[in-house]
Amino acid sequence: MTHPRGSAAKTAAMSAALSGAVDLSALKARAEASQKQPPAPPRPSAEGAAPGGPAAGGAVIDVTEETFQAEVVERSLRQLVVVDLWAEWCGPCKQLSPVLERLAAESGGAWVLAKVDVDANPRIAQLFGAQSIPTVIAIGGGQPVDAFSGALPEPEIRKWLGSLLDALRDKLPGIAAAEQNGGGVEQPEDPRFTEAEEAFERGDFAAAQAAYERILDVEPANEEAKTALAQVKFTARAEAAGPDAIAKADADPADLDAQLAAADLEVAGQQPEAGFARLIAAVRRTAGDDRNKVREHLVALFELFDSADERVMKARRDLASALY
C-alpha cells in the first residue's frame, strides 16, 4: 500500500529503509583509490557501453553482487545512482519500477537507475538493511543520501529526485554535465496536484479530497488522481478511528461502524490480513444493506494495494466464499 507522505514520513521511511545498513566507506575508499591509478581500458557493461560517463551503460542498469562496486559505488562518485531493490513476486515493485525507468531515461544522464533483484542478490539487500521492498536508495559520493520504501506516486518521486539533484549538483560532476546537455528531471509541476499534496501534508484531508475530485471532474480517467483520492479518504478515516477502535469492535461484533473503523486502523497499522479477515467475518454475519456496506468498504481497502498482492488475492477468494 502506498500513501502521500510529508517530510516527516519521508524521514521515517528513510530510517526504516536503511535500518541496520552497513557503512559503504570501505567500498568508497577502494573506489577513490582505484581512480588515482592509471585508467584501465573501459570494461563494456551489459548494455554494451563502458561505465563512467553520464549516459554510460544506459539510464537503467541491472546490478549484481559482482558489479555493485563498479556500477553503484564507483559510479556514484560522479553521478547520482538510484538503487531499486525489487523482486519478481513483488506487486508494488511492478508499479514503481516502470516509473523509475521512465524518469531515468528522461534525465539525460543526470542520474542512473541501478536495478537489483533481491532474490538473486540477497547480500545487496542485506547491505542496506532493507526491511521491505520496493525500497529505493539514492547513492551519492559513495554513500546513501536518502531513501524511501513503497510505491510512491510519480509527482512525489519527481520532487524527491529534484531535491537530490539540487543538493548534489556541486558535488557530482555528472549532474551538471547532464543538465548542460539538456538533461535533468525538472518538469513543470501540475498545480492541481501540488494543491492536493500540500493540503494532505498539512492534514487538511477535506481540501485534498476536494482538489483530487476537481481533477477527476475534468479528467475522469486520471488514474493518478483516482489512486491518490482513495488514499486520502482512507487516511482521513484511519486517523478519525481513534486508538481504541479495535477494542471497541472486538467488544461488540454487531457494531458495523466499529468493525469498519477497526479494519481501517488495522490496515493503517500494517496488519491488512487482520483488517480483511475482520470485514469478511462481518460479511458472513450480515445480510442486505448491511452486508453490502461492509463489502463495499472491504473492496475499497483492496484498491489501496496492488491487485497482485497475495494478501488481497486471498481476501478476495475469502470474500467470494462468504458471499456465495
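**Figure 1. Burial of strand β2 in the predicted model**. Strand β2, residues 80-86, is mostly covered, with 7 of its 7 residues buried. In a regular strand the side chains alternate between the two faces of the sheet. On one side of β2 lie Leu80, Val82, Asp84 and Trp86, and on the other Val81, Val83 and Leu85; both faces are covered.

**Figure 2. Pairing of strands β2 and β3**. Strand β3 comprises residues 111-117 and runs parallel to β2, to which 7 bridges join it. Trp111 of β3 is the bridge partner of Leu80.

**Figure 3. Packing of helices α9 and α10**. The axes of α9 (residues 205-218) and α10 (residues 223-241) come within 9 Å and cross at roughly 160°. Because this angle is over 145 degrees, α9 is roughly antiparallel to α10. The crossing of the two helices is left-handed. Helix α9 contributes Phe205, Ala208, Gln209, Tyr212, Glu213, Ile215 and Leu216 to the contact, and helix α10 contributes Ala225, Lys226, Ala228, Leu229, Val232, Lys233, Thr235, Ala236 and Glu239. By class, the residues of this contact divide into 10 nonpolar, 4 charged and 2 polar.

Figure 4. Leu265 counts as partly exposed because its relative accessibility is 23%. Leaving aside residues up to four places away in sequence, Leu265 touches Ala238, Ala241, Gly242, Pro243, Ala245 and Ile246. Ala241 and Leu265 are 24 residues apart in sequence, and their C-alpha atoms are 6.7 Å apart in space.

Notes: Residues are numbered from 1 along each chain as its sequence is written. This is a predicted model: local features need pLDDT of at least 70, side-chain atom pairs count only at pLDDT 80 or more; totals for chains, interfaces and linings use all residues. Side-chain values use heavy atoms; hydrogens and water are left out. Axes are lines fitted to C-alpha atoms, for helices over the stretch in contact, and angles run from 0 to 180 degrees between N-to-C directions. Helices (H or I, at least four residues) and strands (E, at least two) are DSSP runs, numbered from the N terminus. Angles under 35 degrees count as roughly parallel, over 145 as roughly antiparallel, 65 to 115 as roughly perpendicular and the rest as oblique. A crossing is left-handed if the near helix is turned anticlockwise from the far one by less than a right angle, and right-handed if clockwise. Contact means heavy atoms within 4.5 Å. Ala, Val, Leu, Ile, Met, Phe, Trp, Tyr, Cys and Pro count as nonpolar, Asp, Glu, Lys and Arg as charged, and the others, Gly among them, as polar. Buried means under 20% relative accessible area, exposed over 50%, partly exposed in between (1.4 Å probe, protein chains only). Two strands pair if DSSP finds at least two bridges between them.
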